[in-house]
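Hello,

Here is the structure we talked about, with its sequence. Please open both, then read my notes below.

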Amino acid sequence: MLRYHPRLEFVLSAVSQFTEEKLGQAEKTELDAHFENLMSRADCTKNWTEKIYRQTEVLLQPNPSARIEEFLYEKLDRKAPSRITNGELLGQYMQDAAKEFGPGTPYGSTLIQVGECERRLGAAEREFLQTSAISFLTPLRNFLEGDWKTISKERRLLENLRLDLDACKTRLKKARLAEAKTAMAPDFQETRPRNYVLSASASAAEHELRVAQTEFDRQAEVTRLLLEGISSTHVNHLRCLHEFVEAQAAYYKQCHFHMQELQKELGRLPNAFALNSTHSMAAAGSAAEGISSPVETDTLKIEEVQAPATGTRKAKVLYDYDAADSSELSLLADELITVYTVPGMDSDWLIGERGNQKGKVPVTYLELLS
């Protein structure tokens with residue numbers, strides 16, 4: 001046998017109230033405009049925070065399988081295993097290949113230099129990922145899984161109390177209508193017991209309404225305070241956004257520095273390769289044709305090189321460059337020099353002049369001007 005429970009009646013009334021509201025058959029208590037604006041702002045904050053959070057995850061970890069693995073470890077409250085970055089893995093492959101090819105060979109020594117740079121880039125990426133996860137992703141996730149869940153819970157409770165309140169209003173309205181209708185009916189029979197019951201029903205409905213109104217007002221105040229806290233959330237997320245930008249800027253600056261250093265190292269290598277290649281081609285041509293080569297096997301004598309009457313250009317130096325020997329010209333970033341080429345010279349190099357100074361300069365360190 002089912003037992004009567006007063007709360008069950010309220011639940012059924014709330015369901016009935018909700019249905020009648022949707023059908024347009026019942027009135028609904030409306031919240032004030034300020035409260036509605038707070039809820040709209042909170043919903044907007046939640047939606048965009050979720051989108052920014054998800055896309056930042058994709059930016060920091062493009063591999064969906066890796067993201068799922070990290071998510072599972074997090075849910076299991078276990079630390080995810082350390083994962084080597086792609087840059088570090090590439091650097092390791094290059095250095096392993098250099099051991100096979102011979103670290104003393106031109107290709108092997110270059111692989112070692114580039115591989116070391118890639119490993120540094122990978123390490124910088126790892127640091128950036130860790131910093132961003134702590135300073136940006138974690139606060140956003142804490143809001144979505146903490147504050148927002150609390151707000152959602154209190155809003156659902158407020159909505160239930162609002163349905164209870166409107167159901168009480170409806171019951172009181174019906175009780176008063178029945179009481180008024182009975183009072184206006186002719187008293188052909190003894191109706192006082194019935195009038196008494198109707199009056200008691202209206203009084204009970206009034207009491208229920210006062211209780212429901214009190215509970216609704218109390219919950220509305222709690223919910224309003226939580227919604228107003230969204231402003232503090234914006235301030236906190238703004239600070240986190242600044243930290244994310246700073247981490248990104250530091251990461252790219254570090255990558256740029258490593259690449260500049262690598263370019264300086266590699267800028268010295270084409271000198272030996274170009275001369276050896278040119279000498280080899282010249283020697284092969286001489287042996288085949290039986291004539292002397294116009295290209296000497298000696299190092300290019302810079303002091304004997306003369307600037308052509310036409311064909312010189314101005315160039316802006318992009319990076320500092322330290323000359324490897326007396327045939328090269330040291331460079332300072334942002335300075336302007338005059339450059340030109342001479343017959344038989346490797347295309348990766350130009351002759352540069354600064355006042356009375358002259359020497360070979362790598363093309364990759366220059367921005368040629370008109």
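S135 touches C240, E243 and F244, leaving aside residues up to four places away in sequence. A contact here means heavy atoms within 4.5 Å. S135 itself is found in helix α5, residues 106-184. Helices are DSSP runs of H or I with at least four residues, strands are runs of E with at least two, and both are numbered from the N terminus. Is S135 buried or exposed? S135 is buried, because its relative accessible area is 10%. The cut-offs are under 20% for buried, over 50% for exposed and in between for partly exposed, with a 1.4 Å probe and protein chains only. The side chain of S135 also reaches the backbone oxygen of T131, at 2.8 Å. That is a polar contact: a pair of N or O atoms within 3.5 Å, where, within protein, one must be able to donate a hydrogen and the other to accept it, and residues adjacent in sequence count only if both atoms are side-chain atoms.

Two notes on the source. This is a predicted model, in which local features need pLDDT of at least 70 and side-chain atom pairs count only at pLDDT 80 or more, while totals for chains, interfaces and linings use all residues. Residues are numbered from 1 along each chain as its sequence is written, and side-chain values use heavy atoms, with hydrogens and water left out.

Now the overall layout. The protein chain has seven helices and five strands. From the N terminus on, the order is α-α-α-α-α-α-α-β-β-β-β-β. Of the 370 residues in the chain, 31% are buried. Among contacts with a separation of 6 or more, 69% are between residues 24 or more positions apart. The accessible surface comes to about 24,000 Å², and carbon and sulfur atoms hold 57% of that. Areas come from the Shrake-Rupley method with a 1.4 Å probe; for residues, only the protein chains shown count as cover.

Next, salt bridges. The structure holds 14 of them. Each is a side-chain nitrogen of Lys or Arg within 4 Å of a carboxyl oxygen of Asp or Glu.

- R162 and D166: their side chains meet at 2.7 Å, N to O. Because they are four residues apart in helix α5, about one helical turn separates them. R162 and D166 are both buried. Together with E159, they are linked in a network of salt bridges.
- E261 and K264: their side chains meet at 3.7 Å, N to O. Both lie in helix α7, residues 230-289, three residues apart, about one turn of the helix. E261 counts as partly exposed because its relative accessibility is 31%. K264 is partly exposed too, at 22%.
- E335 and R354: their side chains meet at 2.8 Å, N to O. E335 lies in the loop between β1 (313-317) and β2 (336-340) and R354 in strand β3, so the pair ties together parts that are 19 residues apart in sequence. E335 is buried, with a relative accessible area of 16%. R354 is partly exposed, at 24%.

Last, the hairpin. Strand β3 (residues 349-354) runs antiparallel to strand β4 (residues 357-362), and six bridges join them. Two strands pair if DSSP finds at least two bridges between them. W349 stands opposite P362 in β4. Two residues sit between the strands, and G355 takes a positive phi near 65° in this hairpin.

Best wishes
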